[in-house]
Amino acid sequence: MATGGPQAAIFDSQHRPITAGGFVKTGPVVFIDATKQAGLSHWRNVTGTPQKRTIIEAKGSGVCLLDYDNDGWLDIYFVNGSTYDALDGKAPPPRAALFHNNHDGTFTNVTASAGVANSRWGTGCVVGDYNNDGWPDIYVTNIGTDRLYHNNHDGTFTDAAVQAGVALSGSSPGTAVDHTGATFGDYNGDGNLDLFVAGYINVDRKHLSNSRTANYDFCQYRGVQVMCGPRGLQGAHDHLFRNNGDGTFTDVSKKRGVDDPSGYYGLGALFADVNNDGKPDLLVANDSTPNYLYINKGNGTLMDNSYMSGYALNGDGREAANMGIAAGDYLNNGHLDIVDTVFSDDYNILFQNDGHGDFMDASYSSGIAESSIPFVGFGDGFLDYDNDGWLDLFIANGNVYPQVDQHPEWGQSYAQRPLLYHNLKNGKFALVPAVEGTGLAVVSVGRGAAFGDLFNNGKIDVVINNLDGPPLLLRNVNPDHNHWVEMKLIGGPKSPRDAVGATVYLTAGGIRRREDVLSGGSYLSSNDMRVHFGLGKADQVDQVEIHWPNGNVEKVTLPAVDRIYTITEGKGITAQMCSGVPCGPSA
């Protein structure tokens, strides 16, 4: 929760809090709200009580994008929360939802037939092909026992968490562990995806307060009683599971020194290569406690480099309420930079990477800090929304205290609008104005956010899982005519089949860009694993260089732009999609 001091309220011309106002009447229309048109508005997230009397009711849930049936189109999986009545058997439990992409801009809820309802108190999800069979699986984190939904190749899933050894079913009688962000990555280089799961708190229904003397204690936020954040509650440990290659995992958390003995409040998690040595490192965003960065030493071990790297604290030397993690090369210098979202009265942090895994806080110099201070940031992602070849930044927002709406003098709101920053190509971002009636002017209690090309048209869309309401599908309708390419990578025998951990460098128009195949990130969510490159006005690609997870480097020639390629390790291009369908022989 809040780690910075109270900041001055900001209002728009109509005296609305800037978090739910500041709209303009004309300007660029980047996103439209396509939720209802897509058929997603009938499902809704249900988490706890409207009053949000405890921290577990306010955190919300994630969303995952995956092509579960391998038809070339992204489907959507929404995690749901639960209620105390449902836990006590007094009410039906809320259900997660898997929406199948119909290829026509609409989606169909196939949860029941797919077997992925997860009637537990869900928090996050992550996608990865853990058994290398060519079909994406889903790991779902819960308060209590987690799930590993194994893809059966026929549109259905089977929960294999217990058999696989990753159920994490609890700590002690009467308590449950709040598991949050998860990420797949091959940390030991054996070609099998390993799994990391962050822990938030140990949940005891009778003592969900800081004093542990009553069911519901209250803390003070700006002099008003609100539910207490995690401080004072017992933090939960993190877990690293090594993939045994036979459908099972072994918990190696303590052995590898990543079990979080301090009990920090873990939320975001991401395997990503931050020092450019071809091996996935591990980032953990911790709420109100220092972050973790574990550097992969390449011999099956991980080294805690959190403080030395500059990732543990912000530029003020202060811990922040870190939640979401975005990773991307926004400077086009070949280095993965990181953005962590944080609580209001503080600024979202841009950790600029020097290429060796050492970070500098560039939040203010880049232009993303000041505008973010009134907002409570959750899901975040780098995306090139206008395909100009430079990564932009999107932040989903929403407060955790419903009480803020009763105090307009604070200049805050419970439901908040998202923030979109345009890359100015000089190390700085500019906030894109929120035009009335467009997607950027939708206010919601945003939590998990996922990014991907839902309509196979080369434009990156955004899906947000909102707390206690329907989701939000922001369809990208930016009017640019820039070119683009996307690539679905398939790893060879010594790489993970879904190529998680691969890095792609693409050169076009004199600019070398980097994209990575990542599993997890944002806030408790997972993005499109296809790498997407905006090309600007360049109508050809000069070079593509793929660094596969096993260390192989392969150069591929792309014959045309504005299409989606499937590239198989060692075999080059094995499929192409043009305008949403397989390219014909004359393409």
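This is a predicted model: local features need pLDDT of at least 70, side-chain atom pairs count only at pLDDT 80 or more; totals for chains, interfaces and linings use all residues.
View 1. Strands E24 and E25 (residues 392-397) pair in the antiparallel sense over five bridges. Pairing requires at least two DSSP bridges between two strands. Strands (E, at least two residues) and helices (H or I, at least four) are DSSP runs, numbered from the N terminus.

**View 2. The open sheet around E24.** Four strands form this antiparallel sheet, in the order E24-E25-E26-E27. E24 (377-383) and E27 (429-431) stand at the edges with a single partner strand each, so one side of each is left without a neighbour in the sheet.

**View 3. The largest pocket.** Its volume is about 580 Å³. A pocket is an open set of points on a 1 Å grid over the protein atoms alone, where a 1.4 Å probe fits, with protein on both sides within 12 Å along at least five of seven lines; lining residues have an atom within 4 Å of a point. The volume is the space filled by probe spheres set on the points, which are joined across faces, edges and corners. Of the 28 lining residues, Asp67, Asn70, Gly72, Lys488 and Arg530 are the closest to the centre. Strands E2 (63-66), E31 (483-490), E37 (563-568) and E38 (572-578) each supply at least two residues of the lining.

**View 4. The whole protein.** The protein has six helices and 39 strands. Its C-alpha trace spans about 70 × 55 × 50 Å along the principal axes.

Residues are numbered from 1 along each chain as its sequence is written, and side-chain values use heavy atoms, without hydrogens and water. Local features need pLDDT of at least 70, side-chain atom pairs 80 or more, while totals for chains, interfaces and linings use all residues.
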